[in-house]
Amino acid sequence: MIREARPEDEVRLRAIQTNALDEPWPGLLGVGIDGPPLVLVLDIGEPLGYALVVPDHPVAYLAEFAIAPGKQGQGLGTTLMDGLLDRLRAGEFETIRLTARADDERARSFYDGFGFSVADELPDHYDDGDGVLLVREL
């Protein structure tokens with residue numbers, strides 16, 4: 001089931017964030033964001049992943065997308081991304097954007113499978129490397 005995050009999810013989502021992402025964003029569940037973010041949770045008895053979206057109509061920026069380590073490679077990311085894209089289309093967004101590490105072939109392949117394409121290269125975007133801006137029309 002994909003649902004919006006609730007305050008009681010924060011401990012579990014922070015654990016996923018800390019263990020799955022190299023550079024976790026402190027804005028999880030809205031801290032430090034102008035306006036409310038959309039945090040969707042993949043919940044199969046417990047939260048196993050989440051997508052953090054910063055809305056700027058008609059564009060949605062996917063700030064974080066994470067599946068719990070040990071649960072990756074089981075199709076959960078696909079389920080979460082499908083639900084996210086459906087939700088954004090229903091919310092009348094036109095475009096979704098995200099950044100990824102330029103050399104992260106696994107992430108790039110995942111996003112390519114959903115029709116994202118490189119819109120820009122971002123030299124030194126990450127502390128230890130380059131990034132790319134990926135975009136998909138909804």
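Is D43 buried or exposed, and at what relative accessibility? D43 counts as buried, at 14% relative accessibility. The close-ups below come from a predicted model.

**Close-up A. D43 and R3 pair in a salt bridge.**
The closest N and O atoms of D43 and R3 are 2.8 Å apart. The pair links distant parts of the chain: D43 sits in strand 2, R3 in strand 1, and 40 residues separate them. R3 is buried as well, with a relative accessible area of 9%. Across the whole structure, a search finds nine salt bridges.

**Close-up B. Strand 2 is largely enclosed by the rest of the structure.**
Six of its six residues are buried, so strand 2 is largely enclosed. L38, L40 and L42 point one way from the strand. V39, V41 and D43 point the other way. Both sets are buried.

**Close-up C. Strand 2 pairs with strand 1 and with strand 3.**
Strand 1 (residues 2-4) runs antiparallel to strand 2, and three bridges join them. I2 stands opposite L42 here. Strand 3 (residues 47-56) is also antiparallel to strand 2, with six bridges between the two. L38 has V53 of strand 3 as its bridge partner. Strand 2 and strand 3 form a hairpin with three residues between the strands. In this hairpin, G45 takes a positive phi near 85°.

E10 is partly exposed, with a relative accessible area of 32%. R14 is partly exposed too, at 25%.

**Close-up E. R101 and D128 meet in a salt bridge.**
Their side chains come to 2.5 Å, N to O. R101 lies in strand 5 and D128 in the loop between strand 6 and strand 7, so the pair ties together parts that are 27 residues apart in sequence. R101 is buried, with a relative accessible area of 15%. D128 counts as exposed, at 60% relative accessibility.

**Close-up F. Strand 7 pairs with strand 5 and with strand 6.**
Seven bridges join strand 5 to strand 7 (residues 129-137), and the two run antiparallel. T99 stands opposite L133 of strand 7. Strand 6 and strand 7 are antiparallel too, joined by six bridges. L122 has G131 in strand 7 as its bridge partner. A hairpin connects strand 6 to strand 7 through two residues.

**Close-up G. Seven acidic residues gather in a patch of negative charge on the surface.**
The patch consists of D103, D104, E105, D120, E121, D124 and D130. Strand 6 (residues 117-126) gives the largest share, three residues. D103 is found in the loop between strand 5 (95-101) and helix 3 (105-112). At 64% relative accessibility, D103 counts as exposed. D124 belongs to strand 6. D124 is exposed, with a relative accessible area of 64%.

**Close-up H. D124 and E92 have positive phi values although neither is a glycine.**
Phi of D124 is about 55°. Phi of E92 is near 65°. E92 is found in the loop between helix 2 (76-90) and strand 5. E92 is exposed, with a relative accessible area of 63%.

**Close-up I. A cis peptide bond runs from H57 to P58.**
Omega of this bond is near 5°. P58 is found in the loop between strand 3 and strand 4 (59-67).

**Close-up J. D22 lies in the loop between helix 1 (10-20) and strand 2 (38-43).**
At 66% relative accessibility, D22 counts as exposed. D22 and R108 are 86 residues apart in sequence. Their C-alpha atoms are 16 Å apart in space.

Conventions: Residues are numbered from 1 along each chain as its sequence is written. This is a predicted model: local features need pLDDT of at least 70, side-chain atom pairs count only at pLDDT 80 or more; totals for chains, interfaces and linings use all residues. Side-chain values use heavy atoms; hydrogens and water are left out. Patches are made of residues with over 30% relative accessible area and no salt bridge: like charges are joined within 9 Å, nonpolar side chains (Val, Leu, Ile, Met, Phe, Trp, Tyr) within 5 Å. Accessible areas come from the Shrake-Rupley method with a 1.4 Å probe; for residues, only the protein chains shown count as cover. A salt bridge is a side-chain nitrogen of Lys or Arg within 4 Å of a carboxyl oxygen of Asp or Glu. Lys and Arg count as positive and Asp and Glu as negative; His and the chain ends are not counted. The place of a charge is taken as NZ of Lys, CZ of Arg, CG of Asp or CD of Glu. Helices (H or I, at least four residues) and strands (E, at least two) are DSSP runs, numbered from the N terminus. Buried means under 20% relative accessible area, exposed over 50%, partly exposed in between (1.4 Å probe, protein chains only). Two strands pair if DSSP finds at least two bridges between them.
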